[in-house]
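The notes follow the order in which I checked things.

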Amino acid sequence: MAGSIELRRDGHAAILTISHEARRNALSLAMWRMLPTLVAEASADPEIRVIVLEGAGPKAFCAGADISEFATLRDTPEQVAAYEVGVDRALTTLAACPKPTVAAIRGVCFGGGLELALACDLRLADDSAVFRMPGAQLGLGYTLSAIEMFVQRIGQAATAEIMFAGRAFGAADALRFGVVQNVHPRASFETERDALVDTIAGNAPLTLIATKRALIELARPAGARDAAAVDALVAACFASSDYAEGRKAFSEKRRPLFKAAAETAPIERK
C-alpha cells in the first residue's frame, strides 16, 4: 500500500504527517517528492506560524527511505542520481522553510527519517524513540549536503560516531548527541509537544520569521549571508502593530494577542 504525507491545520500550526504505517512510515520516492510542495503550501499560508512534522501512529516517526523500491528506483547510476535529487530537495526545502519547524518523534527514526528530523529547527522525542543511520551496514553512501547538515546540527564527533557505527541508539543517547532537545515519557509526550507548539504559535509571527531567516543565514558561509534580508525583516517587526501590542501586554501583565502576518515562501539555500 502506497504511503502519503498529509497536511492539516490546527490553529496557527500546520501538521505534516508521514503516513505509511504498514512500512513504519518509510518514505517512497513519491513521498520525498511530495514534501517540498506541502512545506511550501504551509509556508505561504499567512495564518501558519509553526510547522510540525510527525509520523502516523505511535510506533514510528519515519523508518527512512522505502528500501523495497531500491531495486527498481535506486539501482542504476541514473536512478541513484535522480533519487538523490528528490531526497536532497525535500531536505533542503524543509531546512530552508521560512517558519519554525518542529519534529515530533515517536518510535523509529532511521536513515532518511533522522535526516528529516535534523532538517527541522527543534526536535523532541518520547522515551521509546530509537534512532539509526544504517548506511555503513547497507553499503550506501550519504551526500556531502547530508553530512554537512549533521555536522551543522550536532557537530563532527557525534556525526562520526553515528555514521561510522551504524547502530541503533535510544532517546537518552539522542539527547547526549544533541539530536533532540527534549525527551518526554510516552504518556505525556503529546501534552508536551502541544505545549511547545502552542507557545511558538502564540508568539509574534514576524519575529519568528525574522529569527528563522537569521538562523538560515548563519548556517551559510560568511560571504554568502544576506544580512540585508534579515535587517528588513527585523525592521518589519518594529514597524508592526504587534510591537505595540507586545509592549502594551507586557505593561498590562497579560498575554499578547499578535495579529500581524506575512506571506512567505521557502528560501533557496545558497
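I take helix axes as lines fitted to C-alpha atoms, over the stretch in contact, with angles from 0 to 180 degrees between N-to-C directions. Helices (H or I, at least four residues) and strands (E, at least two) are DSSP runs numbered from the N terminus. The model is predicted, so I kept local features to pLDDT of at least 70 and side-chain atom pairs to pLDDT 80 or more, while totals for chains, interfaces and linings use all residues. Residues are numbered from 1 along each chain as its sequence is written, and side-chain values use heavy atoms, with hydrogens and water left out.

**Entry 1: α10 and α11**

I looked up helix α10 (residues 205-218) against helix α11 (residues 227-239): their axes come within 9 Å and cross at roughly 165 degrees. I sort angles as roughly parallel (under 35 degrees), roughly antiparallel (over 145), roughly perpendicular (65 to 115) or oblique (the rest). α10 and α11 are therefore roughly antiparallel. Their crossing is left-handed; the term means that the near helix is turned anticlockwise from the far one by less than a right angle, and right-handed means clockwise.

For contact I require heavy atoms within 4.5 Å. On the α10 side I find Leu206, Thr207, Ile209, Ala210, Arg213, Ala214 and Glu217, which meet Ala229, Val230, Leu233, Val234, Ala236 and Cys237 of α11. By class, the residues of this contact are 10 nonpolar, one polar and two charged. Here Ala, Val, Leu, Ile, Met, Phe, Trp, Tyr, Cys and Pro count as nonpolar, Asp, Glu, Lys and Arg as charged, and the others, Gly among them, as polar.

**Entry 2: α1 and its surroundings**

Helix α1 (residues 29-44) has 16 residues and spans 24 Å from first to last C-alpha, close to the expected 22 Å. The expected span is 1.5 Å times one less than the number of residues.

Which residues of α1 are buried? I list Leu29, Met31, Trp32, Leu35, Pro36, Leu38, Val39, Ala42 and Ser43. Buried means under 20% relative accessible area, exposed over 50% and partly exposed in between (1.4 Å probe, protein chains only). The buried residues of α1 pack against β1 (4-10), β2 (13-19), β3 (50-55), α2 (70-73), α3 (77-95) and α4 (112-119).

I then took α3 from that list. The axes of α1 and α3 come within 8 Å and cross at roughly 30 degrees, and the two helices are therefore roughly parallel. The crossing is left-handed. From α1, Leu29, Trp32, Arg33, Leu35, Pro36 and Val39 meet Ala82, Tyr83, Gly86, Val87, Arg89, Ala90, Leu91, Thr93 and Leu94 of α3. I note 11 nonpolar, two polar and two charged residues in this contact.

Helix α6 (residues 144-154) and helix α7 (residues 156-165) have axes that come within 7 Å and cross at roughly 130 degrees. That makes α6 oblique to α7. The crossing is right-handed. Ile147, Phe150, Val151 and Ile154 of α6 make the contact with Gln156, Ala158, Thr159, Ile162 and Met163 of α7. Its residues divide into seven nonpolar, two polar and no charged.

I followed Phe150, which is in helix α6, and it is buried because its relative accessibility is 0%. Beyond four places in sequence, Phe150 is in contact with Leu114, Glu115, Leu118, Met133, Gly155, Thr159 and Met163. Phe150 and Ala119 lie 31 residues apart in sequence, with their C-alpha atoms 8.8 Å apart.

Where is Met133? Met133 is in the loop between β8 (130-132) and α5 (135-138), and at 1% relative accessibility I count Met133 as buried. Residues up to four places away aside, Met133 touches Gly111, Leu114, Glu115, Tyr142, Phe150, Ile162, Met163 and Gly166. Met133 and Gly64 are 69 residues apart in sequence, and 9.0 Å apart from C-alpha to C-alpha.

**Entry 3: positive phi**

I noted Asn25, which is not a glycine but has a positive phi of about 60 degrees. Asn25 is in the loop between β2 and α1. Is Asn25 buried or exposed? Asn25 is buried, at a relative accessible area of 0%.

Lys253, also not a glycine, has a positive phi of about 55 degrees. Lys253 lies in the segment after α12 (241-251), and Lys253 is exposed, with a relative accessible area of 77%.
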